[in-house]
Amino acid sequence: MNYIKPEIISLKNSQELNEKWLQARIEEDPSMLGLGDLEFRDTEKIMVGGGRLDTILYDPEDKKRYEVEIQLGKTDESHVIRTIEYWDIERKKNPQYNHCAVIIAEDITSRFLNVISLFNGFIPLIAI
């Protein structure tokens with residue numbers, strides 16, 4: 001057995017690995033997020049009012065959709081708000097499903113982790 005020391009890389013600063021690359025990995029294997037046996041539904045969905053929802057995943061057992069927003073680097077206000085906004089648009093458009101907002105970032109600062117946990121009392125919001 002060979003030991004390989006892991007190397008921390010930044011997708012934000014990488015020439016080869018970027019948001020599209022990460023979206024493709026999630027599309028290939030949504031289970032990598034640790035949210036269960038999910039199915040890929042859509043990517044880069046154009047939203048009413050502007051913007052693009054990065055990825056939509058679906059849990060057929062629970063009839064639950066996950067609206068996923070990806071942020072390279074540290075979390076910021078615009079991505080947290082965008083994640084919640086896209087979740088809200090999708091849940092109103094598709095009320096037959098349960099919905100959960102998901103933000104994926106390379107670094108979720110303690111400030112935003114606290115804000116996300118406050119929102120979580122009212123909005124199903126997962127930070128990865």
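Why does Arg65 count as buried? At 13% relative accessibility, Arg65 falls in the buried class, where buried means under 20% relative accessible area, exposed over 50% and partly exposed in between, with a 1.4 Å probe and protein chains only. The legends below begin with the whole chain and then turn to single sites.

The model shown is predicted, so local features need pLDDT of at least 70 and side-chain atom pairs count only at pLDDT 80 or more, whereas totals for chains, interfaces and linings use all residues. Residues are numbered from 1 along each chain as its sequence is written, and side-chain values use heavy atoms, with hydrogens and water left out.

**View 1. The whole protein, with 3 helices and 5 strands.** Read from the N terminus, the elements follow the order α-β-β-β-α-β-α-β; helices (H or I, at least four residues) and strands (E, at least two) are DSSP runs, numbered from the N terminus. The radius of gyration is 15 Å, close to the 14 Å that the globule rule gives for 128 residues, so the protein is as compact as a globular protein of that length; this radius is taken over C-alpha atoms, and the rule is 2.2 Å times the number of residues to the power 0.38. The C-alpha trace spans about 50 × 30 × 25 Å along its principal axes, and 38% of the 128 residues count as buried. Among contacts (heavy atoms within 4.5 Å) with a separation of 6 or more, 53% come from residues 24 or more positions apart.

**View 2. Helix 1 and its buried side.** Helix 1 takes in residues 19–28, and Leu22, Gln23 and Ile26 are buried there. These residues cover an arc of only 100° around the axis, which puts them on the same side of helix 1; the arc is that of the directions from the helix axis to the C-beta atoms. An α-helix has 3.6 residues a turn, so residues three or four places apart point the same way. The cover over the buried residues of helix 1 includes strand 1, strand 2, strand 3 and strand 4 (98–107), while the face turned away from the buried side carries the exposed residues Lys20 and Glu28. At the N-terminal end, Asn18 caps helix 1, with a side-chain oxygen 3.1 Å from the backbone nitrogen of Lys20.

View 3. Leaving aside residues up to four places away in sequence, Arg65 touches Ile56, Leu57, Tyr58, Glu90, Asn94, Tyr97, Asn98, His99 and Cys100.

**View 4. The aromatic pair of Tyr58 and Tyr97.** A search of the whole structure finds 1 aromatic pair, where rings of Phe, Tyr and Trp (its six-membered ring) pair if their centres lie within 6.5 Å, and planes under 30 degrees apart count as stacked, over 60 as edge-to-face and the rest as tilted. Tyr58 and Tyr97 form this edge-to-face pair, at 5.4 Å centre to centre and with 80° between the planes. Tyr58 lies in strand 2 and Tyr97 in the loop between helix 2 (77–93) and strand 4, so the pair ties together parts that are 39 residues apart in sequence. Tyr58 counts as buried at 8% relative accessibility, whereas Tyr97, at 21%, counts as partly exposed.

**View 5. Positive phi values at Glu44 and Lys63.** Glu44, although not a glycine, has a positive phi of about 50° and is placed in strand 1 (residues 39–46). Lys63, also a residue other than glycine, has a positive phi near 50°, and its place is in the loop between strand 2 (52–59) and strand 3.

Technical notes:
A polar contact is a pair of N or O atoms within 3.5 Å; within protein, one must be able to donate a hydrogen and the other to accept it, and residues adjacent in sequence count only if both atoms are side-chain atoms.
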